[in-house]
Amino acid sequence: MDIRCRKTSCVYNDRYTCKAKGILIKKNCECEQYQLDKNKLVVDKTKKIFSNDPPIYAPQRDSKTLDIDCKAHCLFNDNGKCVANGITLNDIKEKPLCVTFLKK
């Protein structure tokens with residue numbers, strides 16, 4: 001499962017990869033696990049992926065070791081579990097939003 005997160009200020013964010021044991025995407029597509037780490041001031045380089053200084057991503061995680069629960073009315077929501085091949089959480093507003101969301 002490829003989980004990319006652009007919310008670089010989260011305690012679970014390791015080089016744009018979520019390291020939380022489990023994730024809950026709420027009905028409004030916000031990530032429930034987001035926790036601000038005031039000591040993390042990592043600049044989001046993913047917006048400039050084709051620049052001379054591209055982002056360095058942590059390795060993706062095995063989907064068998066990660067539980068992604070979902071309450072959003074999404075095409076990838078199968079009885080409360082996310083069945084997408086990967087998800088991306090974008091740095092929008094105060095909480096990261098799942099931008100893999102596709103309305104049913």
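**View 1. Asn13 and the residues it touches.** Setting aside residues up to four places away in sequence, Asn13 touches Cys5, Arg6, Lys7, Thr8 and Lys40. This is a predicted model, and Asn13 is found in strand 2. Is Asn13 buried or exposed? With a relative accessible area of 8%, Asn13 is buried, because buried means under 20%.

**View 2. Two backbone atoms reached by the side chain of Asn13.** Which backbone atom of Cys5 does this side chain reach? The side chain of Asn13 comes to 3.0 Å from the backbone oxygen of Cys5. The side chain of Asn13 also reaches the backbone nitrogen of Tyr16, at 2.9 Å. Cys5 is also listed among the residues that Asn13 touches.

**View 3. Tyr16 in the loop between strand 2 and strand 3.** Tyr16 is not a glycine, yet it has a positive phi of about 75 degrees. Its relative accessibility is 6%, so Tyr16 counts as buried. Look again for the side chain of Asn13, which reaches the backbone nitrogen of Tyr16.

**View 4. Asn79, another residue with a positive phi.** Where does Asn79 sit? Its place is in the loop between strand 6 (77-78) and strand 7 (81-82). Asn79 has a positive phi of about 55 degrees although it is not a glycine. Is Asn79 buried or exposed? Asn79 has a relative accessible area of 77% and is exposed, because exposed means over 50%.

**View 5. Leu102 and its contacts with His73, Cys74, Leu75 and Phe76.** Leu102 belongs to the segment after strand 9 (96-98). Leaving out residues up to four places away in sequence, Leu102 touches His73, Cys74, Leu75 and Phe76. How many residues separate Leu102 and His73 in sequence? They are 29 residues apart in sequence, with 8.3 Å from C-alpha to C-alpha. Leu102 has 42% relative accessibility and therefore counts as partly exposed.

**View 6. The protein chain around the close-ups.** Stepping back, the protein chain has nine strands and zero helices. Read from the N terminus, its elements run β-β-β-β-β-β-β-β-β. Of the 104 residues in the protein chain, 40% are buried. Among contacts with a separation of 6 or more, 67% come from residues 24 or more positions apart. The protein chain exposes about 6,800 Å², and carbon and sulfur atoms supply 52% of that area.

Definitions and conventions
Residues are numbered from 1 along each chain as its sequence is written. This is a predicted model: local features need pLDDT of at least 70, side-chain atom pairs count only at pLDDT 80 or more; totals for chains, interfaces and linings use all residues. Side-chain values use heavy atoms; hydrogens and water are left out. Helices (H or I, at least four residues) and strands (E, at least two) are DSSP runs, numbered from the N terminus. Buried means under 20% relative accessible area, exposed over 50%, partly exposed in between (1.4 Å probe, protein chains only). Contact means heavy atoms within 4.5 Å. A polar contact is a pair of N or O atoms within 3.5 Å; within protein, one must be able to donate a hydrogen and the other to accept it, and residues adjacent in sequence count only if both atoms are side-chain atoms. Accessible areas come from the Shrake-Rupley method with a 1.4 Å probe; for residues, only the protein chains shown count as cover.
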